[in-house]
Amino acid sequence: MTSILIVITVVAGGWSLVAGRLEQWHVRAPLVLVLAGIATGVFTHSEIAATMNSEVAQHVAEVILAVLLFVDATELPGGRLLGNDPGSACRALLVAMPLSLLAMVLLGSLLVPSLPLVMLLLIACIIVPTDFAPAETLVRDPRIAARVRSVLNLESGYNDGIVSPVFLFALILAGSTAQTHTPMQALGTAVPFAAKALVAGLLLGLLLGWLMNLAEDKHWMTAQSRRILVLVTPLLAYTVTVAVEGNGFVASFVCGIAFRYLRQAPARRRGAPAPDTSDFRLIEDTNSMMTMCMWFFFGNAAMDVLSQDIGWPVALLCVAALTVVRILPILLAFLGSRFTWRERLMLGALGPRGTTSIVFGLLAYNALPDGIYAETAFNAMTLTVLGSVLLHGVGSTTIARLLAGPSSFPAKGTAPTEYADPAARNH
């Protein structure tokens, strides 16, 4: 374990020293940590990856996802739940995403007919949600119209929280075949989990947001204590909800929405700008460090997966997930919208997969009975995320250049306001 920590800290520290320079070459932390994990896997024969199939690894992944969901929920521009264009956000989240899940299940039933439908739904929940971790520069690229970046940013923040209950339902059903659980029995388990999560997350988010506002008005807090309170809020929401047998992931997400909304309430009443986002810097940096460690372990596990005979049907399913299964639902969902066809195609092509897929895949790998189901889910996650790191991380600028119109390229030394990014922060 000591040698693992040395490698991770050395690589993370080295990346930190040259992060600005590497970003100019569109090389970000996930790619660096994945390559370090792969290189380590070559010398250790991926022995480190064996630790991922453990209860400790599962709990660590759960905490990382809880914090990630909370951070996603707090990144709402201007305090609006669905940004400045709620109609477009609903098209992406409530139309395109369900269509993508359905398309994955249908395509999977043709390519891998040996897998039951519930397993295909579980795999779809793992590899469909987008996450900007491998390609954060996309939401700052001036060649991409601001409204396209806004929808991508909102979709990346919301879809994991929306998919989480569906993932839990599929996991309960797929992992309980030995107990002959029916879909209705699995639904009867998942629905109370989600209901408790909604109540717990909402109450805790509102309570902690109100207490923080009250303490600030009375000047009881310091800048450091504010950052610490924000950091412990998702951990409290997750652990309390799990203690009452609820879905801690949904609770963390709802808690983030309620907490951020109430934190911005005083400013909205005064008509003043939103509160300083510096309170969220500690949790963002902590979350970044945790996900960097996860990218390293992912790279190490990927080395083991790539050395196996995965089979072309699963590989083709992963390629489809990053391309047609993403692009076609987006094109259908945005029919009749004010988005141009070029912008719709860009929305479909720029859908990176990252931390959410890794965590969902790891949870499925640990929760499912050992065998073909667990391995298939983990292999599908690994191939999809690796493909996304290359396609959307390294190749994101190429995609933007090919799909952006000539007018999207600003003159040298200028920064047109048409493409100014309204988002305050990103993943």
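I take helices (H or I, at least four residues) and strands (E, at least two) as DSSP runs, numbered from the N terminus. By that rule I count 17 helices and 0 strands in the protein chain.

I note that this is a predicted model, in which local features need pLDDT of at least 70, side-chain atom pairs count only at pLDDT 80 or more, and totals for chains, interfaces and linings use all residues. Residues are numbered from 1 along each chain as its sequence is written, and side-chain values use heavy atoms, with hydrogens and water left out.

I looked up burial, where buried means under 20% relative accessible area, exposed over 50% and partly exposed in between (1.4 Å probe, protein chains only). Of the 427 residues of the protein chain, 55% count as buried.

I then turned to Asn-379, which lies in helix α16 (residues 372-394). Asn-379 is buried, its relative accessible area being 10%. For contacts I required heavy atoms within 4.5 Å. Neighbours within four places in sequence aside, Asn-379 touches Val-305, Gln-308 and Ile-310 by that criterion. Its C-alpha atom is 8.4 Å from that of Ala-302, 77 residues apart along the chain.

I searched for aromatic pairs (rings of Phe, Tyr and Trp, the last by its six-membered ring, with centres within 6.5 Å). The whole structure holds 9 of them, and ring pairs join Phe-70, Phe-259 and Phe-280 in a cluster.

I also checked charges over rings (NZ of Lys or CZ of Arg within 6 Å of the ring centre and within 35 degrees of the ring normal). Arg-260 lies over the face of Phe-280, 5.3 Å from the ring centre. The charged end of Arg-344 sits over the ring of Trp-341, at 4.5 Å from its centre.

Note on methods:
Phe/Tyr/Trp six-rings, centres within 6.5 Å; stacked < 30°, edge-to-face > 60°.
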